[in-house]
Amino acid sequence: VEIATEDGITGWGEAFGPPELTAPVVAWLAPLVIGQDAMAREAIWQALYNRLRDHGQRGLVVEAISAIDIALWDIAGKALGLPVYRLLGGPLRMEVEAYATGFYRRERDDHLRYLVEEAEQRRAEGFATLKLKTGWGLKQDIALTRGFRAAIGPDCGLLVDCNHAYDAPAAIAFGNAVADCDIGWFEEPVPPEDIAGYLEVKARQPIPVAGGEASFARWGFLESITRRSVDILQPDVAACGGISELKKIADMANAFGMRVNPHVWGTGVTLAASLHLLAVIPDNPPGLFPRPPLLELDRSPHPVRDAVTSMPPVSATGRVRVPEAPGLGVQVDRDALARFKA
């Protein structure tokens, strides 16, 4: 989503949802934004949310608001000559450790073999932690996870994401079956609506539970936070309400002693917005040897993502610097946009 001001400043945002569904919502909201003060991000956010409150407290409407909000932060940074993290209060860190996600299913039968090949490639790139996709059936997932852990060795960090493929009994069985595989977190074990299921999974298997990419705005996270249904909260800046709302959600979670590790999937726009937030999200707990939040970085080839935006380089130790240019600090290739639009 592109927003331009009357004095020629352009801001870019991005929505997590399918473009054929989110674009009409953005178009419906656009007349409510045009002509407003571009620096009045909070007032605009409230106006957009309240206008569709009866119909859009989650999902596509909040995803569309997210894109508009991100673009307004980009404009504000460019107008003031400051990176977004400075507008958010200044950085706690300027470099973030990334974990490699991807590891998608392919149309081959030798699943473990090609996943291990991908793991070797990511390790050679410097990544110390990998996230494995599961959700293909309980027995198959247990065997795949155990085989993957054995192949990558004990010194590589391992996260597991099943994209809410299980119900609570299956998730509990999986967690207990792979408990000795030293898994950093078990992501989206059950559907996002099933808070009671999250609590059951959290109580009856030992792996830390993560979730939140399919929750929206502070009110959508309220029950998860107050009932502590997850150990690690994962709001997505392009889905949960934008930079403005993710910061509020992170502050709420911090007051309850809950770790926040944003979900990230999209182009360089979402990635840059996430990096600015990761610069300011506090360590939890803030001890002498803190555990900073990680950056999710999808390393699978993606022709649209890789063409339309600049992507920050990854260091040999798997770390990514927060952009320091004004605004989001991301460049959009208009020629590529036009090519894909055609």
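Author: A definition before the rest: helices are DSSP runs of H or I with at least four residues, numbered from the N terminus. Also, this is a predicted model.

Reader: Fine. How many cavities of 30 Å³ or more are there?

Author: The count comes to three cavities of 30 Å³ or more.

Reader: What space lies in the largest cavity, and which residues lie nearest its centre?

Author: The largest cavity holds about 90 Å³ of space. Its lining has 14 residues, and Tyr198, Gly211, Gly212, Ser215 and Ser224 lie nearest the centre.

Reader: Which helices supply at least two residues of that lining?

Author: Helix H8 (195-204) and helix H9 (217-226) each do.

Reader: And by class?

Author: Seven nonpolar, five polar and two charged residues make up the lining of the largest cavity.

Reader: Next one down. What volume does the second largest cavity have?

Author: The second largest cavity has a volume of about 70 Å³. Its lining consists of Val264, Trp265, Gly266, Leu271, Glu296, Leu297, Asp298, Arg305 and Met311.

Reader: Where does the largest share of that lining come from?

Author: From strand E10 (residues 295-298), which gives three residues. By class, the lining of the second largest cavity divides into five nonpolar, one polar and three charged.

Reader: Back to H9. How do the axes of H9 and H10 cross?

Author: The axes of H9 and helix H10 (residues 242-255) come within 10 Å and cross at roughly 20°. Angles under 35 degrees count as roughly parallel, so H9 is roughly parallel to H10.

Reader: Is the crossing left-handed or right-handed?

Author: H9 passes H10 in a right-handed crossing.

Reader: Which residues meet there?

Author: On the H9 side they are Ala217, Arg218, Trp219, Phe221, Leu222 and Ile225, and on the H10 side Glu245, Lys248, Ile249, Met252 and Ala253. By class, this contact of H9 with H10 has eight nonpolar, no polar and three charged residues.

Reader: Which elements give two or more residues to the lining?

Author: Helix H1 (19-33), helix H12 (303-308) and helix H13 (334-341) do.

Reader: Last one. How do the residues of that lining divide?

Author: The lining of the largest pocket divides into 15 nonpolar, seven polar and five charged residues.

Conventions: Residues are numbered from 1 along each chain as its sequence is written. This is a predicted model: local features need pLDDT of at least 70, side-chain atom pairs count only at pLDDT 80 or more; totals for chains, interfaces and linings use all residues. Side-chain values use heavy atoms; hydrogens and water are left out. On a 1 Å grid over the protein atoms alone, a cavity is a set of points where a 1.4 Å probe fits but cannot get out, and a pocket is an open set with protein on both sides within 12 Å along at least five of seven lines; lining residues have an atom within 4 Å of a point. Grid points are joined across faces, edges and corners, and a volume is the space filled by probe spheres set on the points. Ala, Val, Leu, Ile, Met, Phe, Trp, Tyr, Cys and Pro count as nonpolar, Asp, Glu, Lys and Arg as charged, and the others, Gly among them, as polar. Axes are lines fitted to C-alpha atoms, for helices over the stretch in contact, and angles run from 0 to 180 degrees between N-to-C directions. Angles under 35 degrees count as roughly parallel, over 145 as roughly antiparallel, 65 to 115 as roughly perpendicular and the rest as oblique. A crossing is left-handed if the near helix is turned anticlockwise from the far one by less than a right angle, and right-handed if clockwise. Contact means heavy atoms within 4.5 Å.
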